[in-house]
Amino acid sequence: VVEFRKSTNKVVNVVFNGTSQHVKGSGTTKFNNFEVASGTVTADVDLDIDGAFTIGASATKFTLDGHTMNLAGNFTKNASAKTGFDYSSGKIIFDGTTVQSVSGNGNNNFFYDIEVSGGGFLVLSCKMQICGNFVVKDHSTVSTSASLRFYKNFTVEAGSTFDSNTEYTCFWGSYTSENDKTTAADRNQTIILDGDVTFAGISCRAKGSEGIKTFHGNINSTAE
């Protein structure tokens, strides 16, 4: 167990290389760089990371366990398993004011809720599957040439930008597994395009062709 007290003037770089570790603290814990080098790390508190967040190739899993991680630096996932970053719950807020990036290993880059709200420029440089809600707001920009799948709601607020310039963007409905218990209503999605949004192409799918996709705003697609 690593326990920190909240302090704005004591910011640390931390590398976790144990077997099973927890991050505890009083209020939101603040870090500079945060690396999971090996084993399993669980956040028992909200995290505020001013530097980079890295999941190493030898890491087993990092989980937010329903908590929120504010991240001002780059997100890198080198672990090959899709559970290297536990996507069952939790939220990442990319709050950088300049350029940030998300890079991952192969196709197994799963996330839950994502919010981009720092007013900076976020580059998604790997294939991603977002199982929760995705929001771009507060004059932020997201750019990608990678294939993306969204399983819940997608929102780009007025004044913000989303540019998918090469691969298709797929609105899939809720994430399903072999033990799926979701209903058709669970697979409904709302796509709000109030900002400057461009898709290279759009694909709408759902398990068993169930679920309704509701688009608000103009669809600007350079393909079909």
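User: What makes K30 and D48 a salt bridge?

Analyst: Their side chains come to 3.3 Å, N to O. A salt bridge is a side-chain nitrogen of Lys or Arg within 4 Å of a carboxyl oxygen of Asp or Glu, so the pair qualifies. The partners sit 18 residues apart, K30 in strand β4 and D48 in strand β6 (residues 47–49); strands here are DSSP runs of E, at least two residues, numbered from the N terminus. Bear in mind that this is a predicted model, where local features need pLDDT of at least 70, side-chain atom pairs count only at pLDDT 80 or more, and totals for chains, interfaces and linings use all residues. Residues are numbered from 1 along each chain as its sequence is written, and side-chain values use heavy atoms, with hydrogens and water left out.

User: Why is D48 called buried?

Analyst: Its relative accessible area is 19%. Buried means under 20%, exposed over 50%, partly exposed in between (1.4 Å probe, protein chains only), so D48 falls in the buried class.

User: And what makes D50 partly exposed?

Analyst: D50 has a relative accessible area of 36%, so it lands in the middle class. D50 also meets K30 in a salt bridge, at 3.3 Å, N to O.

User: How do you know that E115 and K91 form a salt bridge?

Analyst: Their closest N and O atoms are 3.0 Å apart, which passes the cut-off. E115 counts as buried at 12% relative accessibility, whereas K91 counts as partly exposed at 27%.

User: Which residues do salt bridges with shared partners join into one network?

Analyst: That would be K30, D48 and D50.

Technical notes: Helices (H or I, at least four residues) and strands (E, at least two) are DSSP runs, numbered from the N terminus.
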